[in-house]
Amino acid sequence: MTKNLIVDATQRRQAGEIVQALAGHPERLTVHDVATGADMPVDLAKVIAQVLEIVARGGTVTIGSLPEELTTTVAAEQLGVSRPTLMKLIAEGKLPAHRVGSHHRVKLADVKAFKRARLEEQRRAFTELTELTEQLEQS
């Protein structure tokens, strides 16, 4: 399920005030349910703080959920690759998967880990390229 929320200028301003008050510490955000006495977990507070930051900047937030096991089509969408490319990653052992009948399934945690690793690799390559460019300019 995916939910698109539309906020107005007042909500954007209010989000900005909260983000400013958090001063880069999303764990400071707390919600206490008076009826049950329960507090919002810190990890969830960090997610809400991220949403508030995006809203404060006037960005768009789409909230959705994914199951723990993904079809290859959904996994490919999450990684921003084609399904054949995803199947190649699975065949090469770069992305773990298992079979359910004749179909492959990929764990959401593995997709997230692969995505993080790929992003880190891209950042590292960009840094190396930047350093090389600077060295060439100094020569």
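**Exercise 1.** In this predicted model, state which residues of α4 are exposed and which are buried, and where the buried ones lie around the helix axis.

*Solution.* Start with the exposed side: Pro84, Lys88 and Ala91 of α4 are exposed, each with over 50% relative accessible area. On the other side of α4, which spans residues 83-91, Leu86, Leu89 and Ile90 are buried. Viewed down the axis of α4, these buried residues fall within an arc of 100°, so they line one face of the helix.

**Exercise 2.** Describe how α3 packs with α5: give the angle, the axis distance, the relative direction and the handedness. Then list the residues that meet and sort them by class.

*Solution.* Two values describe a pair of packed helices, the angle between their axes and the distance between the axes. For α3 (residues 72-79) and α5 (residues 108-138), the angle is about 25° and the axes are 10 Å apart. Angles under 35 degrees count as roughly parallel, and α3 and α5 are therefore roughly parallel to each other. Their crossing is right-handed.

Next, the residues. From α3, Ala75, Gln78 and Leu79 meet Val111, Phe114, Lys115 and Arg118 of α5. Sorted by class, this contact has four nonpolar residues, one polar and two charged.

Methods
Residues are numbered from 1 along each chain as its sequence is written. This is a predicted model: local features need pLDDT of at least 70, side-chain atom pairs count only at pLDDT 80 or more; totals for chains, interfaces and linings use all residues. Side-chain values use heavy atoms; hydrogens and water are left out. Axes are lines fitted to C-alpha atoms, for helices over the stretch in contact, and angles run from 0 to 180 degrees between N-to-C directions. Helices (H or I, at least four residues) and strands (E, at least two) are DSSP runs, numbered from the N terminus. Angles under 35 degrees count as roughly parallel, over 145 as roughly antiparallel, 65 to 115 as roughly perpendicular and the rest as oblique. A crossing is left-handed if the near helix is turned anticlockwise from the far one by less than a right angle, and right-handed if clockwise. Contact means heavy atoms within 4.5 Å. Ala, Val, Leu, Ile, Met, Phe, Trp, Tyr, Cys and Pro count as nonpolar, Asp, Glu, Lys and Arg as charged, and the others, Gly among them, as polar. Buried means under 20% relative accessible area, exposed over 50%, partly exposed in between (1.4 Å probe, protein chains only). The arc is that of the directions from the helix axis to the C-beta atoms.
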